[in-house]
Amino acid sequence: MYIVHSIFDVPAEKAEEVIAIYKNRSKLVDQAPGFRKFQLLHNQKKPGELTVEITWEDKQSYLTWVSGEDFKRIHDLEKKYPDQELAAIRPTVKMFEVVAQ
């Protein structure tokens, strides 16, 4: 398995707004070959820190997703979000290979 974290900081007062956006996400990624699970994590010690965690069957499935049209379409929509402060936030991406369970 392969797990990707996109970690981003938003103003703490806007965290609930961002959480609501993810609760209503397009779910296009859910249809991608090799997709296993999506989770949005909210850091309880840092109220403005959110992490998108997506679990993939393998690294190649993830790489295929990020080079595809649906990935591009989703991220282009984010850039057009009305709240430009939120639209300008860029996550830190960390990738992990699961080596033991």
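I began with the hairpin, which joins strand 2 to strand 3 through 6 residues. I worked on a predicted model, where local features need pLDDT of at least 70, side-chain atom pairs count only at pLDDT 80 or more, and totals for chains, interfaces and linings use all residues. Residues are numbered from 1 along each chain as its sequence is written, and side-chain values use heavy atoms, with hydrogens and water left out.

**Sheet**

I took helices (H or I, at least four residues) and strands (E, at least two) as DSSP runs, numbered from the N terminus. Two strands count as paired if DSSP finds at least two bridges between them.

I found an open sheet of 4 strands in the order 2-3-1-4, with antiparallel pairing. Strand 2 (35-42) and strand 4 (92-97) are at the edges with a single partner strand each, so one side of each has no neighbour in the sheet. I noted an average twist of 15° from one strand to the next; axes are lines fitted to C-alpha atoms, for helices over the stretch in contact, and angles run from 0 to 180 degrees between N-to-C directions.

I then listed the bridges. Strand 2 and strand 3 run antiparallel and are joined by 7 bridges. In strand 3, F35 has W56 as its bridge partner, Q39 has E53 and L40 has V52. Strand 1 and strand 3, also antiparallel, are joined by 8 bridges, and I7 has T51 in strand 3 as its bridge partner.

Helix 1 lies across strand 1, strand 2 and strand 3, and runs at about 165° to strand 2. Contact here means heavy atoms within 4.5 Å.

**Strand 3**

Is strand 3 largely enclosed or left open by the rest of the structure? It is largely enclosed, because 8 of its 8 residues are buried (under 20% relative accessible area; exposed is over 50%, partly exposed in between; 1.4 Å probe, protein chains only). In a regular strand the side chains alternate between the two faces of the sheet. On strand 3 I read E49, T51, E53 and T55 on one side and L50, V52, I54 and W56 on the other, all buried.

I looked up F8 in strand 1. F8 has a relative accessible area of 9%, so it counts as buried. Beyond its neighbours within four places in sequence, F8 is in contact with V18, Y22, G48, E49, L50, V52, I89 and P91. F8 and I89 are 81 residues apart along the chain, yet their C-alpha atoms are separated by 7.2 Å.

I looked up S61 in helix 2. S61 is buried at 12% relative accessibility. Not counting residues up to four places away in sequence, S61 touches P33, G34 and W56.

**Largest pocket**

I put the space in the largest pocket at about 1,000 Å³. Of the 34 residues that line it, Y22, V52, I74, H75 and E78 are the closest to its centre. A pocket is an open set of points on a 1 Å grid over the protein atoms alone, where a 1.4 Å probe fits, with protein on both sides within 12 Å along at least five of seven lines; lining residues have an atom within 4 Å of a point. Grid points are joined across faces, edges and corners, and the volume is the space filled by probe spheres set on the points.

Helix 3 gives the largest share of the lining, 7 residues. Elements supplying at least two residues each include strand 1 (2-9), helix 1 (15-23) and strand 3 (49-56). I sorted the lining into 24 nonpolar, 4 polar and 6 charged residues (nonpolar: Ala, Val, Leu, Ile, Met, Phe, Trp, Tyr, Cys and Pro; charged: Asp, Glu, Lys and Arg; polar: the others, Gly among them).
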